[in-house]
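Reader: I would like a close look at one part of this structure. Please take me through it slowly.

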Amino acid sequence: MKKIRTVLAISLVALLTLPVAAMNVPTDTVPARKKVAVVLSGGGAFGAIHVGALKVLEEAGMPIDMVVGTSMGSIVGALYSVGYSSDDIATMFRNMDWTELFLDRRNERHLTLDERDAQNSFIYKRDFYVRGGIDPQPGGVIRGDNVVETFEYYLQGYTDSINFLHDMPRQFACLATDLVNDEAVVLTEGYLVKSIRSSMSIPGVFTPMRFGDMILVDGGAKNNFAADVARQLGADIVIGVRFDLGLDDNKQYRSLMDVMERSAGSDVSRRTRENEKYCDLLVKVPVRGYTSGSFRQSALDTLMSRGERAMREKMDSVRLLKAMAGASLDHDYSLHLRDLDSLKPLEEDEQGLIDNHEPSTIEASLGARFDTEDLAVLLLNARYFMGGKPGKEFNLTARLGLRSMLRLAFDLEPAKYRKMGLSYEFWYKYCDLFTRGKRSDNLSLIYQRANVKLFSLEALNFDLELGLGWEHYHQFKGLKNEYSVLELPANEHYFNYHARLRYNNEDNRYFTRRGMRAEARYAYYTDNFAHWKGHSGFSAVAALWQISVPFGATTTLRCGVQGRLLFGDDIPVMKRNMAGGLRFGKFFPQQQPLTGMGNAEFFDTKFVSASLRLQQRFLGRHYLQAHGMVAEHNDKLGDLFDRKPMWGVAMSYFYDSGFFGPLGATIGWNSYSHRVNFLLSLGFDF
């Protein structure tokens, strides 16, 4: 009896000391017990602490009737409010590619193969309107389209205009900041996905969201811990969860991230401390050792664990608040109404190509890379979409480096995904040529190419092109030594008729996990559209096939075969087969990869190879790749396999940085050149 009186006394004291609501806004109330709200702060990756904290509240059987979130807290809050459990949200956090989420890279399943190549070459892209209209990307570097697309998937069923306080399993509200009046805005109705997109729109980074007369950015700019809003919306009991930086008075603030987080959060921190008084239970989770950009999986796991541990330390207070709320011991308050396994693909995912180029728009792109062969290289591109019927597009591309290029193109689109066009390329090429692994020629030349696209068809993962072209080589500087066996012409030109067929459904260009790539090309070369040096022209047939098969969640094996066969008489040196390096077309259009050989060499007119690549992903975005290849070459097709095959091996390490592309290095050896080669490569390859 004495124990019962003690518990009642403690409960009475706690009730008398509850903070008074700042404002009572009429909302739905929860019958027979008090309304409990959870307030989740913003903070980028620090939002992972909320997932662990919610897990403990679930285990305790705490009823949660409302969630109020800011920035990343709004994302966690929206997911929890539609009925996901903390375990489901934890799985999302671990599986989500946060780097891709916060970039503007489009879903490759909806791009043409040429657009995929462009997306895997450029680090930044921005749209501009040419004649009037509203800037399609005002006030931000990132449009945030991937954020919207991702959470339309996870929040399906709640993506239309709804009232967050009446139409969701749990009441929900999120905070944004209106740039027009410099005030915090409480979002409780409208388009749920765009509301949380507004709440996490870091000023200057993400494009602001426009709602009527409001221009909204991250709610953390004004109120990063909205416990006062929970009271305003009628919460009787408020549980607050926020991160604790554990500021060190002796900290020197030498890193950019430390300075930005400290300077940007000064006024907000003051507001946060003021709002703590509205909480019946405040849980501060220490996050020292991490930053708001710590989205790697190990960091997120640690932050979730810290949130769970911090809430468990408050378990006595949680039980007391549960009793104060009048929660029934035998009632399930989890509201676990959905799970990841029940999600259905969005209808758009099953469609083919999506044409979303607005008329009178310029799409400007920038690419940059560094490697130990070309040193620094820049790639600039501008596409002008004129619109109209038929659709018209101008394309200007410039490559600046040891191998510089200027390309002009004009395309007509008489029907959707069908094109005709003209293009012209001017290259300055500088490269070293090798003979049996020894540097033999130092070559500087001008290469020009013009192409008439007579017909082009683009479909999902597939394209076909028929056309004719002109190529011209002018060698204006060539140095030889005793190893040189090449006779390179000073000037030479070719006309050609060509066809190209491609298929590619690989899920990633650089770190393919699954999918197939196939390609076939044919070209007939002449010097006057009919003959070559007074007789029939010569032909080039090239083919490629490779397939990637996953073994488990992190291991992939890719195997492939490729080759190029030349038929005809008097085939010029500049059109003979060339091989070397890790990718196609490094120095010349016909160049094929040859594992373990970093230099480029000319080979016989018949060249085929087979390759294997074992890829292992570890620690999130780190990759190890083991490459192997065998190759044969000969001038006679019947004698192609009579020689001892060439073979090569290589090992690569790469980090997938997302924005800047692959960062890594490759070391290899080849039986033909008998040389060890090393390549440092930073950025997308182009």
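Which residues line the largest cavity?

Author: This is a predicted model, and what follows is computed from it. A search of the whole structure turns up one cavity of 30 Å³ or more. The volume of the largest cavity is about 30 Å³. Its lining is made up of Leu443, Leu445, Tyr473, Gln475, Pro489 and Met574. Sorted by class, five of the lining residues are nonpolar and one is polar, while no charged residue takes part. Two strands each supply at least two residues of this lining: strand 19, which covers 438–459, and strand 20, which covers 462–480.

Strand 27, residues 578–579, runs parallel to strand 28, and two bridges join them. Within this pair, alanine 579 is opposite glutamine 592 of strand 28. As a general point, strands of a sheet pair through backbone hydrogen bonds, either parallel or antiparallel.

Last, a pair of helices. Helix 3 (residues 72–81) and helix 8 (residues 192–199) have axes that come within 8 Å and cross at roughly 155°. An angle over 145 degrees counts as roughly antiparallel, and therefore helix 3 is roughly antiparallel to helix 8. The crossing of helix 3 past helix 8 is right-handed.

Technical notes
Residues are numbered from 1 along each chain as its sequence is written. This is a predicted model: local features need pLDDT of at least 70, side-chain atom pairs count only at pLDDT 80 or more; totals for chains, interfaces and linings use all residues. Side-chain values use heavy atoms; hydrogens and water are left out. On a 1 Å grid over the protein atoms alone, a cavity is a set of points where a 1.4 Å probe fits but cannot get out, and a pocket is an open set with protein on both sides within 12 Å along at least five of seven lines; lining residues have an atom within 4 Å of a point. Grid points are joined across faces, edges and corners, and a volume is the space filled by probe spheres set on the points. Helices (H or I, at least four residues) and strands (E, at least two) are DSSP runs, numbered from the N terminus. Ala, Val, Leu, Ile, Met, Phe, Trp, Tyr, Cys and Pro count as nonpolar, Asp, Glu, Lys and Arg as charged, and the others, Gly among them, as polar. Two strands pair if DSSP finds at least two bridges between them. Axes are lines fitted to C-alpha atoms, for helices over the stretch in contact, and angles run from 0 to 180 degrees between N-to-C directions. Angles under 35 degrees count as roughly parallel, over 145 as roughly antiparallel, 65 to 115 as roughly perpendicular and the rest as oblique. A crossing is left-handed if the near helix is turned anticlockwise from the far one by less than a right angle, and right-handed if clockwise.
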